[in-house]
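Student: I would like to learn how to read a protein model, one feature at a time. Can we go through it together?

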Amino acid sequence: MMLSRSYALHIGLLLCGCLLILYHPLEKMDFPGGLGDEGAHTRVANQIANTGVWWKLEYQGEPYMNKPPLKLWLSALTFRFIGKSLFWVRFWDATFAVATILVVYLWGRIVIHPLTGLVGSMILLLSYNYVYVHCATTGVQDSAMIFFFTLALTCFYQSSRFPWLQYIAGCAMGCCSLTKGWMGIGALIIIMGFLVISRQRFVWNTKVFYLMVGISFCIPLLWFLPNLFFLSGFFQNAFVFNYLSRITGKEVPRHIKPWYYYFTVLYKNFSPWVWLLPLATIFGCLKAFAKKDKLSLFLLIWMITIFVGFSAASGKQAWYINPAFPAMSLLIGYFLYETGLMMYQPKLSRYAPLFVLMLSIGMILLIINTAVALYRIPNNQKTKARPLESFVSYIEKKFHNDPYQIILCDLNMNSKVVSNREHYYFNRIGKQLIQIDDDLVQFNAIIHHATIPIFAIMPEKTFLEFLGYDDFQLGDGVYILSNDKGEIVKLVMPYRLPKDRKLPLRKYRTSVKREKEVVNNGKR
């Protein structure tokens, strides 16, 4: 019995699980290419860290209006003062997930039983969709948003005993909206629905409730209102595109999915716990409406609001229902605990020890098996060694303590010419990076006066233009930075490169005929 109530043991188990499941894969998974959210958010945060401009968000040289800034500010602080490795790109996401798991544990422990909190938080930790799909191990906004979302609802539920918790709930809802698109309003809808269905509308008339609602709106409005009045196109991008267009799916037709899409998400990405969810839902309905259990009602309203709300929208993504996972996990934990207690009724008591033992062994085996499977996912991924990653890793290892310089020629870091992946890896190089235009005179001057190894990176087109000039100084070879399709996107030329530090890139060769055409037609 002592083990079932031990704070130290439970917290220790959860933290060990978090280290293995959440922090372990942060460096192992690829940084995305294309226009994915992780690449875009990392680019915006790096821009903040580089320029020191914290209020006006910028992406590819244009104002960034798609997401509020709270999580971006945290990432920017990390990039500026700690590091820019993939671990630090995703550090806050894993950390907010740990915080959410601990909130679920403490809530279940305080309201029901320590084992309920432990099982519910373990189920959340071992949910594939929550861990790997645009949330706990990805550098995006969702994990932070879900933490504030869960904290707000937990604090409000507990405020029946401690009314001052509504102030924390208001702050959490405000931070939720300042993290990802007014999601704090979703938490407020769940609270209002709970008060109506549980016939506690008198709570609306209390001063502390009005203050909670006011705080929840004031925090995000401190950022939204100035941008709305002073930033052209902010309403169109931040509200019309981010909400109406995403709900209808008009802007991104490939996101339009059928009404039953999220059932398939649960089936694929919430296994094995999805098989317990229907039983837990029936249990929750019986407890909520037959026995007037407020916690079951609260969790059901939370789940249904998220699930039905996002199912009603035409535009759907697997991670949109992630805010429902804390409620689902805790409800399953509640169901399993009550099932064990039910066996101790007089008519069944003689079978209770055997049943509880079998249930405990089954859950332990299920948790271990699921944990091992999730732990192995990043190790089993076949990551392709891309030229850009290989080049930056080579620089970081070979020139860790030695001076060097990188020249980006005709590559504006704030333009679409530099992809999100390139922007991230170039930023890893840091202060050793300089940018110049396609100015051959300036380029030659830098090369001529340099006394340390230099790596010049430029588009192939710029290289071929430079090749048409007699005074163009070729380096110690020309190497290819290709994309995922093997197409040449950039070229690297090292200068004064020590012979024992060979570049891990494929050499670039132009045909004699092509070089002659460039020489004949490219001279000015």
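Student: How much of residues 66–222 is helix and how much is strand?

Tutor: This is a predicted model. Over residues 66–222 the chain is 75% helix and 0% strand. The end C-alpha atoms of that stretch are 17 Å apart. An unreviewed UniProt entry annotates residues 66–222 as "domain: Glycosyltransferase RgtA/B/C/D-like".

Student: How many helices and strands does the protein have?

Tutor: The count is 22 helices and seven strands. The C-alpha atoms fill a box of roughly 95 × 55 × 40 Å along the principal axes.

Student: How do I check the length of a helix, and what does helix H8 give?

Tutor: Compare an expected span with the distance between the ends. Helix H8, residues 142–158, has 17 residues and should span 24 Å at 1.5 Å a residue; its end C-alpha atoms are 24 Å apart, which agrees.

Student: How many residues of H8 are buried?

Tutor: In H8, 16 of the 17 residues are buried, so this helix is largely enclosed by the rest of the structure.

Student: Which residues are buried in H2?

Tutor: First, the general idea. An α-helix has 3.6 residues a turn, so residues three or four places apart point the same way. In H2 the buried residues are His10, Leu14, Gly17, Cys18, Ile21, Leu22 and Tyr23.

Student: What share of the whole protein is buried?

Tutor: Of its 524 residues, 53% count as buried. The accessible surface comes to about 25,200 Å², and 63% of that belongs to carbon and sulfur atoms.

Student: How many aromatic pairs are there, and how do I read one?

Tutor: A search of the whole structure finds 52 aromatic pairs. To read a pair, look at the distance between ring centres and the angle between planes. For tyrosine 394 and phenylalanine 455, the centres are 6.3 Å apart and the planes are at 85 degrees, so the pair is edge-to-face, as planes over 60 degrees apart count as that.

Student: Where do tyrosine 394 and phenylalanine 455 lie?

Tutor: Tyrosine 394 is in helix H18 (residues 387–398) and phenylalanine 455 is in strand E5 (residues 454–458), so the pair ties together parts that are 61 residues apart in sequence. Tyrosine 394 counts as buried at 6% relative accessibility, and phenylalanine 455 counts as buried at 0%.

Student: What kind of pair do phenylalanine 399 and phenylalanine 455 make?

Tutor: Their ring centres are 5.6 Å apart and their planes are at 85 degrees, so this pair is edge-to-face. It links distant parts of the chain: phenylalanine 399 is in the loop between H18 and strand E3 (405–409), 56 residues from phenylalanine 455 in strand E5. Phenylalanine 399 is buried, at 2% relative accessible area.

Student: Which charged residue sits over the ring of phenylalanine 399?

Tutor: The charged end of arginine 501 does, 4.7 Å from the ring centre. Elsewhere, arginine 109 lies over the face of tyrosine 7, at 3.5 Å from the ring centre.

Terms used
Residues are numbered from 1 along each chain as its sequence is written. This is a predicted model: local features need pLDDT of at least 70, side-chain atom pairs count only at pLDDT 80 or more; totals for chains, interfaces and linings use all residues. Side-chain values use heavy atoms; hydrogens and water are left out. Rings of Phe, Tyr and Trp (its six-membered ring) pair if their centres lie within 6.5 Å; planes under 30 degrees apart count as stacked, over 60 as edge-to-face and the rest as tilted. Helices (H or I, at least four residues) and strands (E, at least two) are DSSP runs, numbered from the N terminus. Buried means under 20% relative accessible area, exposed over 50%, partly exposed in between (1.4 Å probe, protein chains only). A charge sits over a ring if NZ of Lys or CZ of Arg is within 6 Å of the ring centre and within 35 degrees of the ring normal. The expected span of a helix is 1.5 Å times one less than its number of residues. Accessible areas come from the Shrake-Rupley method with a 1.4 Å probe; for residues, only the protein chains shown count as cover. UniProt positions are given in the numbering used here, feature names are shortened, and annotations may be inferred rather than shown by experiment.
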